[in-house]
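Please read the points below with the model open.

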Amino acid sequence: MEAIVDFALLAGLAAWAVAIVRLRSLFGAAMLFGIYSLHCALIFVVLDAVDVAFTEAAVGAGISTVLILGTLAITGIKLEVRHTRALIPLLITGTIGAALIYASVDMPLVGDPNAPANLHIVPDYIEGSATEIGIPNVVTSVLASYRGYDTLGEVTVIFTAGVGVLCLLGRGKPKRSRKPRG
Amino acid sequence: MTTIGLFNYWIVFVLMMSGLYIVIVSTNLIKKIIGLNIFQTSVFILYISIGKVSGGTAPILVDGITLYSNPLPHVLILTAIVVGVATTALGLAIVVRIHSAFNSIDEEEIYTTSD
Amino acid sequence: MEHHIVLRVVAKLLIPVILLFALYVQFHGDYGPGGGFQAGVIFGAGLILYALIFGLQTIKKVVTPSFVHYMSGVGLLLYAGVGVISLFKGGNYLDYSFLSADPVHGQHLGILLIELGVGITVAFVMVSLFYAFAGYRQADLKVPPDTGHEATEKARDAVLEREPQ
């Protein structure tokens, strides 16, 4: 049952992606991307990643869609996308995709409890979360305690990206020196 | 439960290549950023699929359950999503500045203007 | 936006619940799904929803841009500060076991504090990103303020459609 739900959701996600590729309207693509992200969140729930699903639903369907629409409001919302000639890119992506699928045959099956990724260090985290840290949510204890440096780095990246946007777009206050072009 | 097999990975590759295709083919900078975001979400699904354990539950410890999915990819992707939106915003900010400098967000128009 | 009465009423009902839910996700993250990143984006999305419905000027009266910019640094400093305190207490950087006499209690305290730092930074960086994008148009193009009247709507459209150069 779980596998059927997984198949159906993933096939739907691929359909959204193809729709985004084919769509010429930029506004439509932005809205479809919001739906795509919410759909992604559903898949994360099926794959047991509830914390990730939470974040993806709030970020993908909420904030990043709002930011793309905000950019469209500045650059003009009625833009149509032009595509260049598609034959060579189609060949390139087709070849890379085929190579990746060929490579995936050697990967451990999805859900294999004995896959290398599931055997190294992770059992220690799950056990230690109960004994050393004492909180039930293993994701929180790995995020905040076992990999605290990692998270500090990520928060710094977020802060720096915010500072970068403020440098590029100003602090939202009108500048006296900036004349309207005309 | 029947096995999921490798289906997740194949869909991930389809999504990845759709994102790459958008980045190559589209001349519009915002559409390119949407393509990069699709590529990014495909990597998220790849990681989460690697961490899935059949018959396991979400990694929140409860008495009586011994099998949990792998929490480590969840941690990596959780932070990557939020970092991803911050870097996307940075990309969009550069697009806005390009628009105010060239009055266009279409690559080819920008090339012809800057000649 | 005065004519969007359904949106305004529903948003007024929902926004307090969204903000409260963000706080729940923040402080219940140790026991259920949740944590600083999730709570931060939900809190930020709640504030952005308010700005979208009631206008940028309205929210800037309460959540001023300078407050947003300070807070996005404060969260990061709180995170790094917890690490420094654990250094002074005799442990390694970000080793929460030294924050309290009982190591497990120290871990609880450390995780609570750094998750709070993460939540503050993420929430206010998201809001400041929105302010930057939403404020740019008005600052750059001198668009008349959004009052919802038809005449000003037309003036806004005229400014936005006008070709720079």
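1. In this predicted model, the side chains of B:Lys52 and A:Asp48 form a salt bridge, with N to O at 3.1 Å. A salt bridge here is a side-chain nitrogen of Lys or Arg within 4 Å of a carboxyl oxygen of Asp or Glu. The count between chain A and chain B is one.

2. On conventions: this is a predicted model in which local features need pLDDT of at least 70 and side-chain atom pairs count only at pLDDT 80 or more, while totals for chains, interfaces and linings use all residues. Residues are numbered from 1 along each chain as its sequence is written, chains are lettered from A and ligands numbered from 1 in the order in which they are written, and side-chain values use heavy atoms, with hydrogens and water left out.

3. Across the interface of chain A and chain B, 15 residue pairs are in polar contact, both residues at pLDDT 80 or more. The rule asks for a pair of N or O atoms within 3.5 Å; within protein, one must be able to donate a hydrogen and the other to accept it, and residues adjacent in sequence count only if both atoms are side-chain atoms.

4. On the side of chain A that touches chain B, H3(A) gives the largest share, 14 residues. By class, that side has 60 nonpolar, 14 polar and 11 charged residues. The nonpolar class is Ala, Val, Leu, Ile, Met, Phe, Trp, Tyr, Cys and Pro; Asp, Glu, Lys and Arg are charged, and the others, Gly among them, are polar.

5. How many residues of each chain are in contact? For chain A it is 85, against 77 of chain B, where contact means heavy atoms within 4.5 Å. The two chains bury about 7,700 Å² between them, 77% of it on carbon and sulfur atoms. This area is the accessible area (1.4 Å probe) that two parts lose on being put together, summed over both.

6. Chain A has eight helices and zero strands; helices (H or I, at least four residues) and strands (E, at least two) are DSSP runs, numbered from the N terminus. Of its 182 residues, 47% count as buried, that is, under 20% relative accessible area (1.4 Å probe, protein chains only).

7. A:Thr93 lies in helix H4 of chain A. Why is A:Thr93 classed as buried? Because its relative accessibility is 6%. Leaving aside neighbours within four places in sequence, A:Thr93 is in contact with B:Met17, B:Leu20, B:Tyr21 and B:Ile24.

Key. Buried means under 20% relative accessible area, exposed over 50%, partly exposed in between (1.4 Å probe, protein chains only).
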